[in-house]
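Here is a briefing on a protein chain and its ligand. Look at the model first, then read the points below.

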Amino acid sequence: MFNLNGQIALVTGGSQGIGRAAALALAELGADVAIMARSAEKCEAVAEEIRAFGRRALAVPGDMSNPEEIKSVVERTASGLGPISILVNNAAITRDGLLLRMKRDDWNEVIDTNLTGVFLLIQQVLPMMTKARRGRIINLTSVVAQSGNVGQANYIAAKAGVIGLTKAVAREYGARNITVNAIAPGYIETPMTAVLPEAVKQSMLDQIPLKRAGLDQDVASAVAFLASDEAGYITGQVINVNGGMYM
Ligand SMILES: NC(=O)c1ccc[n+]([C@@H]2O[C@H](COP(=O)([O-])OP(=O)(O)OC[C@H]3O[C@@H](n4cnc5c(N)ncnc54)[C@H](OP(=O)(O)O)[C@@H]3O)[C@@H](O)[C@H]2O)c1
């Protein structure tokens, strides 16, 4: 049903987990895809997977906390594939800790990577989308941005900021046919959550009406939908993909 032929997507954090699944889903629907993450080798591996089923793909390694690298990632994508029409802001880190013990560095690193990087990347990509009078910006936030959680003040502040940023840009660029939405995953099985203690995983499972953890493809399906023409009248929204964990 969805067709992304001719679209050019940049997926940050596309080297593993939700980002990789989203990159593959977009490519399966016809988009050409650039993969950004810090590890060049892992970006190239996903780009290779995409090329194997006939789409163009580019590894554009870079660091979301570095403004110069963000600029260069956008330039390399545009010169290698063409102007970006779909931006998936998915890269993020955690540096969890209780508030009183949270180091300023852990606060800054998470805000720089998960929020400021998203702002800078959107700023770089908007002129191309404005010129084309079509754009899809899809920002990954989190269930905890809405529910709160213990030990994640930096991550939650950044992810709640992403929701605000999503709504602000959606209003500012709606007239240019650019939609901006956020996806809030619940508990998804990825390398990010693999390291959590079993007791934490079990307590999250206990809160999920659908009685299972999400898969990266569950989130990738929502990304693919929001990128499509069929989602053209949806903007400024937060789509929950959480098995009912938070309603
Ligand atoms: N998994 C969940 O349960 C869950 C729940 C709610 C929200 N989310 C959100 O969903 C998104 C994806 O999560 P995930 O679980 O798939 O994460 P993940 O497995 O930890 O993958 C994170 C990706 O981001 C990249 N990355 C990290 N720091 C970066 C930086 N400074 N610059 C560029 N790339 C960077 C990583 O590659 P490198 O390390 O090579 O840079 C990797 O590709 C994140 O925004 C996360 O907050 C996840």
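**Overall fold**

Within the protein chain, 73% of the contacts with a separation of 6 or more join residues 24 or more positions apart; contact means heavy atoms within 4.5 Å. This is a predicted model: local features need pLDDT of at least 70, side-chain atom pairs count only at pLDDT 80 or more, and totals for chains, interfaces and linings use all residues. Residues are numbered from 1 along each chain as its sequence is written, and side-chain values use heavy atoms, with hydrogens and water left out.

- The protein chain has nine helices and seven strands. Helices (H or I, at least four residues) and strands (E, at least two) are DSSP runs, numbered from the N terminus.
- A compact globule of 247 residues would have a radius of gyration near 18 Å; the protein chain has 17 Å, which agrees. That radius is taken over C-alpha atoms, and the globule rule is 2.2 Å times the number of residues to the power 0.38.
- Along the principal axes, the C-alpha atoms fill a box of roughly 45 × 40 × 40 Å.
- Of the 247 residues, 51% count as buried. Buried means under 20% relative accessible area, exposed over 50%, and partly exposed in between (1.4 Å probe, protein chains only).
- The accessible surface of the protein chain comes to about 11500 Å². Carbon and sulfur atoms hold 54% of that surface. Areas come from the Shrake-Rupley method with a 1.4 Å probe; for residues, only the protein chains shown count as cover.

**Ligand site**

- The ligand is surrounded by 29 residues. The closest are Ser15, Arg38, Asn90, Tyr155 and Thr190. A residue is near a molecule or strand if one of its heavy atoms lies within 4 Å of it.
- The side chain of Tyr155 has an N or O atom 2.5 Å from a ligand oxygen atom.
- For the side chain of Lys159, the corresponding distance from an N or O atom to a ligand oxygen atom is 2.8 Å.
- Met192 places a backbone N or O atom 3.5 Å from an oxygen atom of the ligand.
- Taken alone, the ligand exposes 880 Å², and the protein buries 93% of that.
- Two or more residues of the shell come from each of α1 (17-28), α6 (153-173) and α7 (191-194). Helix α7 gives the most, with three residues.
- By type, the shell residues divide into 13 nonpolar, 13 polar and three charged. Here Ala, Val, Leu, Ile, Met, Phe, Trp, Tyr, Cys and Pro count as nonpolar, Asp, Glu, Lys and Arg as charged, and the others, Gly among them, as polar.

**Gln16**

- Gln16 lies in the loop between β1 (8-12) and α1. Gln16 counts as partly exposed because its relative accessibility is 32%.
- Beyond its neighbours within four places in sequence, Gln16 is in contact with Lys42 and Pro191.
- The side chains of Gln16 and Lys42 make a polar contact at 3.1 Å. A polar contact is a pair of N or O atoms within 3.5 Å; within protein, one must be able to donate a hydrogen and the other to accept it, and residues adjacent in sequence count only if both atoms are side-chain atoms.

- Asp32 lies in strand β2 (residues 32-36). Asp32 counts as buried, at 8% relative accessibility.
- Thr113 sits in helix α4 (residues 104-132). Thr113 is buried, with a relative accessible area of 9%.
- The side chain of Thr113 reaches the backbone oxygen of Glu109 at 2.8 Å.
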